[in-house]
Amino acid sequence: MKLLRGPLGAALGLVLLLSPVQTVEPISLGLALAGAASALTGLISYPRLYCYFRECCLQREGARAGAALQEDLDKKLFGQHLVKKVIVKAVTGFLNNTNPKKPLTLSLHGWTGTGKNFVSKIIAESIYEGGLNSNYVHQFVSTLHFPHAHSIGQYKDQLQSWIRGNVSACGRSIFIFDEMDKMHAGLIDSIKPFLDYYEQLDGVSYRRAIFIFLSNAGAEKITEVALDFWKSGKKRENMELKDLEAGVSLSVFNNKNSGFWHSSLIDRNLIDYFVPFLPLEYKHVKMCVRVELESRGYVVDEEIITKVADELTYFPKEEKIYSDKGCKTVFTKLDFYYDL
């Protein structure tokens, strides 16, 4: 017997499951199928109910997504007060805006291990339950997807086609571009029309989409400002976005080794926020270790937390304030102490 699959099969299953246990005659089965089809039509007519059974474009509304985003950032991200403030306000405000004038465009900058990939993951999870595995979240890694300089023309066409196709299917698509500092200059400018203030392009509106760029470029400038704060006796928590954003955008724009080198995305002010990730201090590394222990279900051992934090290297050479790899190697370091 051929099994019915998909929503119709599920609807029929519900009909049979909820019916009294008895022999199903062909005519009765036909009526049941008709009823299931009718139920399915009704199901599709109510998006909230339909989306309960399968993933839908924009799974969570702004308020719920914002609450989930705030909670995860508070619990899992350390030493990044600026990131928390900017990301929550930017994402929640954008999702609550019923008529945005352009897509939300975020550019996350800082050293490796400071939390850029982690935050992009949390943003995706706050909007779609599948997170990075959602059908509506798309990741690009420069060295993997755009490795050859001589193929830039081909990459531009493919990138435009991919974005156009996915936004046509779901206006609330999320696009994450990792390793922007390794992307070939000029390539990212091919998506400029999608980020601009156009109501539609060839019948497609990109205004509800979200674009996130991740880059190590600008990290030197961020460290310079953070170190100046430290030397002057100021608390890092007193740093504001205005202390960093302009310097970071200028640094990235003039960096010849960055995918944003002289990019029209920056020149035309199409990036809404340059989000600086501060270098992590010793105390932040210990926080990362503690949370990782808890997530693995291990007993929190302060001695092991200290040992792992002490094994990392810190900079500048004299002051040794900031972890040169952030929290990136914490997870593998723990494996050494918990080799079960």
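Mentor: Ala, Val, Leu, Ile, Met, Phe, Trp, Tyr, Cys and Pro count as nonpolar, while Asp, Glu, Lys and Arg count as charged, and the others, Gly among them, count as polar. With that in hand, the lining of the largest pocket splits into 10 nonpolar, eight polar and 11 charged residues. Keep in mind that this is a predicted model.

The lining has 29 residues in total, and the ones nearest the pocket's centre are Gly113, Gly115, Asn117, Phe118 and Phe331. As for the space itself, the largest pocket holds about 720 Å³. Helix 4 (62-76), helix 6 (116-127), strand 4 (210-215) and helix 13 (282-296) are the elements that each give two or more residues to the lining. Helix 13 gives the most, with five residues.

So where does the pocket sit? It lies between domain 1 (62-277) and domain 2 (282-335), because both of them give residues to its lining.

Now step back to the whole chain around it. You'll find 15 helices and seven strands there. Of the 340 residues in the chain, 46% are buried. If you take the contacts with a separation of 6 or more, 74% of them join residues 24 or more positions apart.

Definitions and conventions. Residues are numbered from 1 along each chain as its sequence is written. This is a predicted model: local features need pLDDT of at least 70, side-chain atom pairs count only at pLDDT 80 or more; totals for chains, interfaces and linings use all residues. Side-chain values use heavy atoms; hydrogens and water are left out. On a 1 Å grid over the protein atoms alone, a cavity is a set of points where a 1.4 Å probe fits but cannot get out, and a pocket is an open set with protein on both sides within 12 Å along at least five of seven lines; lining residues have an atom within 4 Å of a point. Grid points are joined across faces, edges and corners, and a volume is the space filled by probe spheres set on the points. Helices (H or I, at least four residues) and strands (E, at least two) are DSSP runs, numbered from the N terminus. Domain bounds come from an automatic or database domain assignment. Buried means under 20% relative accessible area, exposed over 50%, partly exposed in between (1.4 Å probe, protein chains only). Contact means heavy atoms within 4.5 Å.
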